[in-house]
Each structure stands twice: as C-alpha cells, then as structure tokens.
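I opened the model to look up how its chains meet. My notes follow.

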Protein chains: 2
Amino acid sequence: VTAEIVSVGTELLLGQIEDTNATAAARVLAEAGVTCQRRQTVGDNLDRLTEAVRQALSRADLVLTIGGLGPTEDDLTREAIAAALEVPLETDDELLARLQESVQARGVPWVHSLARQALRPTGSRVLPNAIGTAVGFICEKGRKAVTALPGPPREFSAMLDEHVRPYLATRGGGVRIVSRVLRVAGMGESLMEEKVRPLLGSGNPTLAPLAKSGEAHLRITARGEDEITIRHLLDDMEGEVRARLGDVVYGVDEETLEACVLSLLRDRKVTLATAESCTGGLLGGRLTSVPGSSDVYLGGYVTYSNEMKLRALGVAERLLREHGAASEECARAMAEGARRATGADWAVSVTGIAGPTGGTPEKPVGLVFVGLADEAASVATQHRFGGDREAVRHRSTQAALALLRKAVLSGGCGSS
Amino acid sequence: VTAEIVSVGTELLLGQIEDTNATAAARVLAEAGVTCQRRQTVGDNLDRLTEAVRQALSRADLVLTIGGLGPTEDDLTREAIAAALEVPLETDDELLARLQESVQARGVPWVHSLARQALRPTGSRVLPNAIGTAVGFICEKGRKAVTALPGPPREFSAMLDEHVRPYLATRGGGVRIVSRVLRVAGMGESLMEEKVRPLLGSGNPTLAPLAKSGEAHLRITARGEDEITIRHLLDDMEGEVRARLGDVVYGVDEETLEACVLSLLRDRKVTLATAESCTGGLLGGRLTSVPGSSDVYLGGYVTYSNEMKLRALGVAERLLREHGAASEECARAMAEGARRATGADWAVSVTGIAGPTGGTPEKPVGLVFVGLADEAASVATQHRFGGDREAVRHRSTQAALALLRKAVLSGGCGSS
C-alpha cells in the first residue's frame, strides 16, 4: 500500500510555519506499514490543489490532505478532493445542524459562509473533531481513498491518532517501519560512533547516530511484516549497542536524563540540591520538569554574582580571589555550600563562562566546571564546550546530570 | 519569477526529522520576491527524484533542491538534476583535489566513493561549504535554473544566506513578501484579537494573530515591489496595532520578554533577584539566557520544598500552615525574603501548582501566584493557567516577566 501527503496552506509556502503535521502523518504511515513515496505542499489555490491531489491519486493508493477545511473562501480542500475524485460535494444536514448549534452556544452570530464547513464529498465518512469546529472526512472511490484533516496542529494530531491510525490499520499491512532511539550521556559522539561502527552498516535494522546538544542518540529503524518481528529486531540491535557502549546508554525514546537521574536517586533515598552560576536555574528547571521530583529535589541557589556565592553558599572570598568563579575549587565549594545550606544528602553545582563575552586566554568561553558533594567528599569535573551561549548552558546542565548519574551508579561521589 | 522547492531524503518521508530547511528556503524566496508555488518531498530514489525535479522545472523558473549531496550511493541529487536538465555530470578536478586534501588533513583514509562529491553538472557554478565537505552548486540552462544545497541544517542555513540569497536578488524582483511579528505580553489572546479585529480583514499588509505559550503574537505580512514600500506598509500597520493595544506590545520579531525586562531595569539601575517554587529555576534560566544579564540579575533561590522556603527565604511556618505554599501571601513573602537575603532592589517570585498531580478543588492544577517586592511594598497576582506541566511552568515565568515589566513602566510595584 502506498500513500502521498498533500499539505495545504499559503503560509507553508511563505515559510511562516513549520509543517509539523506532515512529519507526524509520515510517521503514522510508516508505523502502519504504508509506504509514503512523496509529499507535496501547495497554497490556497483551487487549480493547483486539485492538480496536486489528482497527481497524488494517480501514483498512490491513499492520499492524506492536511489543512484547508475551515469556513473561509481560502479553505478549498473539500472542493479540490471532490474534483480530483470526480464526485459531487453535498451538504451534510446533520453536520450543519450541529455547526449551527455550536455557533449559537458560543453566542456568535451565524454567518452564511460557516455552512461551507458542512460540505463534504458525496459518499464520504465524517471524522469528528473533538477540539475545533472543522471536521475531517475519508472518501473512498474504487481502490483509492483520500483522508482530509484540518490544519491546526492540536486538532490535526488528535484526529490523526483517533481516526487515521485505525483506518490505516485496516488498509495497511505491508512492511511496517518502526524506530527506537537510544540515549547516551557521558560519552562524546565520535567515541560513541567509533564503538558502534561495525553495526552502522547493517541493513535491517539500520543504526544511525544523531547529534544532539550535550548528548548523543542512536536511532534503530526496523522493517518487518508484524510487530513481533519488528520488536525482536529492535531488541536485538539494542542489545548489541548496549554490549558495546555499556552503561552510558541511559534511556530509550522520550526518557530524559533528568527523569533517569531522579529515579536513581529516589531508589537510593538520596535528596538533592543545586547551586548554579552560569546556567542560572536551568538545571533546577530540568529537574523540576519531572512530575514528582519534589521527593528528591529540595531546591537550590542561583548564585549568578560572586556576592551571592559568598552570601548564600559561604564560598570563601579568598577562594574566589585566588581561583576565580570559573574554577574546580569554586565548583566544589558551591556544591558543599548548597549541601550544607539545604540539608540535602547530595548537591551538584555548575560554574563557568557561557559567553559570548567574559572569556580570557586562560579561561575561554565554554570553560565549565561541574561539582558534586556528598556526605564523604566533593569532586569537580572540567569541561570545554563549543557552541553559543545557549549550547554551552544546555551542555553544562547535561554534564551535571551525567556526573550525578555516574556517581549514583558507582555508589557516591568519592568513588566516581 | 516562480520557484519550487524539492526536499530529498527518505528520513523526511518516514517522519524522522522536521523539514526546517524547506521552511527557511521558502522564507528566503518570499523575501526575494520569488513566488513559491509548490514544495515536493521525495526519498533517496533516482527515478522519483529526477521526475520531481523535471516536473518542478516544467512549472517554475527556479528549482531549489535540499539534500542528497553527500558521498554515499544514496546521495542522488547530482544525478537527478543532471538528468532533469539533460546535461552531463563531470568531475571537478579542483574540487576533487580539495576534498582529498581535507580528508588527508583529518587523517582519514581516502575511499573511492568520496570522489562522488566532486561530481557536478557541466556548466554549473560551485557553492562552497564553509562547515562541511559537501559543496552545493547552481546550474542554469536557458531561463531555468536549479540550485542544490546539502541537507545538514547548519550547513544548509549558512549556504542559503551566503549563496542563494544574493543569487535570488539578481533573479527575483517581483513582489516581495516580508513579515514582522509584534509580541504582546500581559493581555490575553482573545482580548488582543478583539481590540485589533477591524485590522484583521485588511489586504496588504495582512494581520494574523498567532497563539504562543503565555504570550500572543501578531504577524504583519506586507507585499510590495521594493523594500521602502514594504517597510512603510509594515510601519503603518505596526502603528495602528500599537495605537489599539498600547504598551502591552513589548517587542518585535526575535526580541524576547526577558531581554526587554532586563533592559528596562538596567536603564533604571534596578537590581533583581528571584525566588521560584513551581518553576524550579526556569525564570532564572530565562533571565540569564540574555548575555550581560549579570549587571541586573544577582541570582535567586529555587525553594522547591517548604523547608527551603523557611530556610532560605524566611517564609514564616505559620503563613505556610494557614495559607499554603500556593497563595498570594506566600508569593509576597518569598519575594520579600529573596530581596532581603540578596540585597537586590527588587525581587520576583513564583509559586503554584504545576501538576499533573497536587491539585485540590480549592487549589486546582494551574493555580499560580506571582509576587513582586521593591523597597516600598510587595504585591502578588493570581493566575489560572491551562495546559500541561510544561505549559503552566512556562506561562508562570511569562507572567512573572510581564508583572516586572508593568511595574517598571509604572514606576514600582506599589503603583502597579
């Protein structure tokens, strides 16, 4: 079974918005075993839109259209699909009644053009929209079919899952394609690639490195006729990768490093505090992005100025004078101070030079120290990050989380 | 002058990555006055890729291809363009020598397939790549032309600006389309829409509201033959919008609310501290994302636990018992405490219930208080945010920055 995607909207041709809907649709097609061979994007122009749908139908079994289902005269997808399939448009009376009701309920006056939203190709099946007023539809003719969904991303995404995914399950069934992402922290991308190089040439599943800010990902993509075969392929490759990389693989798919670290600390009943200079609160922000983080994370200090490092964390003035704020000594003193001030079991700290200014030959932009203190000792690691201010700051939080994870796995910061 | 964009890569058809390159290319075309009527996306398949380029050339003057210029056998864009334009491919000897040099410099062995990167259609002009090894090219034939750029986004984006933009300036010159975004904070999207409704129907420039998390944007899009006409159109509409909305318009295009607030505080020589509960450091993170923020922002406290609110900020235990942490009283006490503990002129605080759990009928998820303290007084505002945990947290930082901005503009928190 083959498919094409047609995205509709002049704003897409002007580059005013990203076409995230088409990406989501493509993923759903691949997972259903439907081969997507082409995507097209056209503006709100009836001739070009009709031609695009007609061409897509001449090549593929299924055509998914995105957008152009609103009430205005620019919304032409209904007309284009009817013309391409050569079926008339008709008003769906039930739909019209429901539209009038919902408009009345909102206390908005009825405008005649709103009735356009009740039009659909004769013989099509309506796909309800739980969020907005524009419904979608599926129209089959012979062995061909067109699905039409509205463009607002929240509505599109809900209707894709609710209506199109199950429909594809009844039509698809060829070779399905499913990906799994393995997430690596605490090992550089080039070293990671070096270690898995023999696996990169494999055919099914394939393995591809993806560069991310501050961490490295490996995407495994498997093809197969059914879910069990695919899962075995993914599991086997994941096993091969883990055997080569060891415990730097911290998570799979959407699992974040902060969630992983919090769960490790929770298992060991360790509480945590933070002390941040150049990251300015981003590390705390990442830790608290995980629901339920409060049973591990007590809080922390954003000691952006030296004065704050003295006041809140008790970092010695002499230390700052002798070593500066971007130093191993300061990172350790910050972690120790945060641990002392909060009563947390462990504290982690970040201090460095995020740029774009403030660098010197001895202490260049991108130089960052991450500190960790527990009941027994404190340690600090030194990093040289590339990239702009945001990249340096994100990589710094990543390094702090990676250091925490390593320390937990090895039983404390004294032994890490 | 018309153009089409052809994006190349099976990973795009599988939905594994967003096609941000095509969006950037579309914007550059619009700004150059080149009408983009269609985009196509095809996989790494020579027949389909050649057909897509050929079709695009039959309809448009210019075709921009993205991707497929690497050294592997899957990189077929060179072959497809040569076939579609009916010109032979040739090896560029100078390019080949440079490739061999750079491979040698990296200490990597030379593989024969690398020579593919020195192939280009006869008569084409090479577009150098300052970041990676894959060069691009422009190939003209009669009145038609094809530009080819490599797919890695950093390389694509640099080469788009450096090579394609100036080339379009020589070819374009029809109706240019330029957008400007006005950023609004401290006013809900529906109220904003209500106030500018009479302007929404205008033809040139057009005005379109864009929903963003925690703030509202208005995009003005103007069409014109030359830059001066367009700038006048944009300026006039901006003036109309500002007259209707007043000072809730805080910035234009990429200007962020945090940068705006810091610059207002800097002008008034006011220093700032933060005290964050449910946002966990995100507010500090946003403030310190602005280079040079250290002359205004001293630092702050992430008081995620009640214990930390007592210890670090001196919030009274009785206050927490009687009103809870998600309360106006606690928000004010946190701001006052942060001001006292840091010596900052002003302090801003955030406390509330980010969810997904922790809500009660009296204090539901999304209830957030923002506090502000200056030398004279303290105030707090109450908010009910919708959306998931991340949305609530982002909107909370947004509300804190909007409150700060309002207070600065009105001369202090006592009068805001």
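**Where the chains meet**

I started with the strands at the contact: β2 (residues 35-42) of chain A and β2 (residues 35-42) of chain B run antiparallel and are joined by 5 bridges. Strand pairing here requires at least two bridges found by DSSP. Helices (H or I, at least four residues) and strands (E, at least two) are DSSP runs, numbered from the N terminus. Within this pairing, I found A:Thr41 opposite B:Arg39 in β2(B).

The model is predicted, so I noted its limits: local features need pLDDT of at least 70, side-chain atom pairs count only at pLDDT 80 or more, and totals for chains, interfaces and linings use all residues. Residues are numbered from 1 along each chain as its sequence is written, chains are lettered from A and ligands numbered from 1 in the order in which they are written, and side-chain values use heavy atoms, leaving out hydrogens and water.

Next I looked up the extent of the contact (heavy atoms within 4.5 Å). Chain A gives 63 residues and chain B gives 63 residues. The two chains bury about 4900 Å² between them, with 48% of it on carbon and sulfur atoms. Buried area is the accessible area (1.4 Å probe) that two parts lose on being put together, summed over both. A:Arg38, A:Arg39 and A:Tyr304 supply 13% of what chain A buries against chain B, more than any other three residues.

I then looked for salt bridges, meaning a side-chain nitrogen of Lys or Arg within 4 Å of a carboxyl oxygen of Asp or Glu. The interface has 2 of them. A:Arg38 and B:Glu51 meet in a salt bridge at 2.9 Å, N to O.

I also checked B:Thr342, in helix α13 (residues 328-342) of chain B. Is B:Thr342 buried or exposed? It is buried, at 3% relative accessibility. The cut-offs are under 20% relative accessible area for buried, over 50% for exposed, and partly exposed in between (1.4 Å probe, protein chains only). Leaving out residues up to four places away in sequence, B:Thr342 touches residues including A:Met308 and A:Arg311.

I found a cis peptide bond between A:Asn204 and A:Pro205, with omega about 0 degrees. A:Pro205 sits in the loop between α7 (189-200) and β10 (206-212) of chain A. Another cis peptide bond joins B:Gly355 and B:Pro356.

A:Glu86 is not a glycine, yet its phi is positive, about 60 degrees. I placed A:Glu86 in the loop between α4 (77-85) and β4 (89-91) of chain A. At 63% relative accessibility, A:Glu86 is exposed.

**Salt bridges within a chain**

The whole structure holds 38 salt bridges over all chains. I picked out A:Glu31 and A:Arg165, at 3.1 Å, N to O. A:Glu31 is in helix α2 (residues 20-31) and A:Arg165 in helix α6 (residues 153-171) of chain A, so the pair ties together parts 134 residues apart in sequence.

B:Asp92 is in the loop between β4 (89-91) and α5 (93-105), B:Arg120 in strand β5 (residues 119-121), 28 residues apart. B:Asp92 is buried at 12% relative accessibility, and B:Arg120 is buried at 13%.

Last, I logged a network of salt bridges linking A:Arg180, A:Asp235, A:Glu238 and A:Arg242.
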